[in-house]
Amino acid sequence: MLESVVFYLSQLCLVLGAFFMICGAVGVVRFPDFYTRMHAAGVLESLGAPLIILGVILLHGWSLFSVKLIFLIILLWVTGPTATHIVAKSAFLSGLKPVKRKK
């Protein structure tokens, strides 16, 4: 019983992670300017990848491999938003302005 719950929970994490990754990739391609594309890439990295890694942890079970993957999730959560912020701030300071929406 518990094994099937863990299996379905891992499948849910994998599907949600893939959904966020696909949505982020579509956003990177379709959004109009650099800043909105950076937002899509940040969501892709901050939500999609950790959900997929969590799904793999649940499928694999608890081991040293799972601990390494948890450290990888923490690394992604710390470095992803920081890198996105630094790149967006440097683009703004170099003179790249956001696109104005036509009303």
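Ser 10 is buried, because its relative accessible area is 0%, while the cut-off for buried is under 20%. The model is a predicted one. Ser 10 lies in helix α1, which covers residues 2–30.

The side chain of Ser 10 reaches the backbone oxygen of Phe 7 at a distance of 2.6 Å. Leaving aside residues up to four places away in sequence, Ser 10 touches Gly 55, Leu 58 and Leu 59.

## Helix α1

The 29 residues of α1 reach 42 Å from the first C-alpha to the last, close to the 42 Å expected at 1.5 Å a residue. Ser 10 is one of the buried residues of this helix; the others are Cys 13, Gly 17, Gly 24 and Gly 27. The buried residues of α1 pack against α2.

## Helix α3: span and ends

Helix α3 runs over residues 64–93. At 1.5 Å a residue, its 30 residues should span 44 Å, and the end C-alpha atoms are 43 Å apart, which agrees.

At the start of α3, a side-chain oxygen of Ser 63 comes to within 3.3 Å of the backbone nitrogen of Phe 65. Just after α3, Gly 95 has a positive phi of about 110°.

## Helix α3: buried residues

The buried residues of α3 are Ser 66, Leu 69, Ile 73, Leu 76, Gly 80, Thr 84, Ala 88 and Ala 91. They pack against α2, residues 34–60. An α-helix has 3.6 residues a turn, so residues three or four places apart point the same way.

## Exposed positions and the nonpolar patch

Thr 79, located in α3, counts as partly exposed because its relative accessibility is 37%. Ile 74, also found in α3, is partly exposed at a relative accessible area of 43%. The partly exposed class takes in values between the buried limit of 20% and the exposed limit of 50%.

Ile 74 belongs to a nonpolar patch on the surface, together with Trp 62, Ile 70, Phe 71 and Val 78. The accessible area of these residues together is about 560 Å².

Note on methods:
Residues numbered from 1 in each chain as written. Predicted model: local features only at pLDDT ≥ 70, side-chain atom pairs only at ≥ 80, totals over all residues. Heavy atoms only, no water. Patch = residues over 30% accessible without salt bridge, like charges linked within 9 Å, V, L, I, M, F, W, Y side chains within 5 Å. Areas by Shrake-Rupley, 256 points an atom, 1.4 Å probe, with all protein chains shown as cover. Salt bridge = Lys/Arg side-chain N within 4 Å of Asp/Glu carboxyl O. Helix = DSSP H or I, 4+ residues; strand = E, 2+ residues; numbered from the N terminus. Buried < 20%, exposed > 50% of the residue type's maximum accessible area, 1.4 Å probe, protein only. Polar contact = N/O pair within 3.5 Å; in protein donor to acceptor, adjacent residues only side chain to side chain. Contact = heavy atoms within 4.5 Å. Expected span 1.5 Å × (residues − 1).
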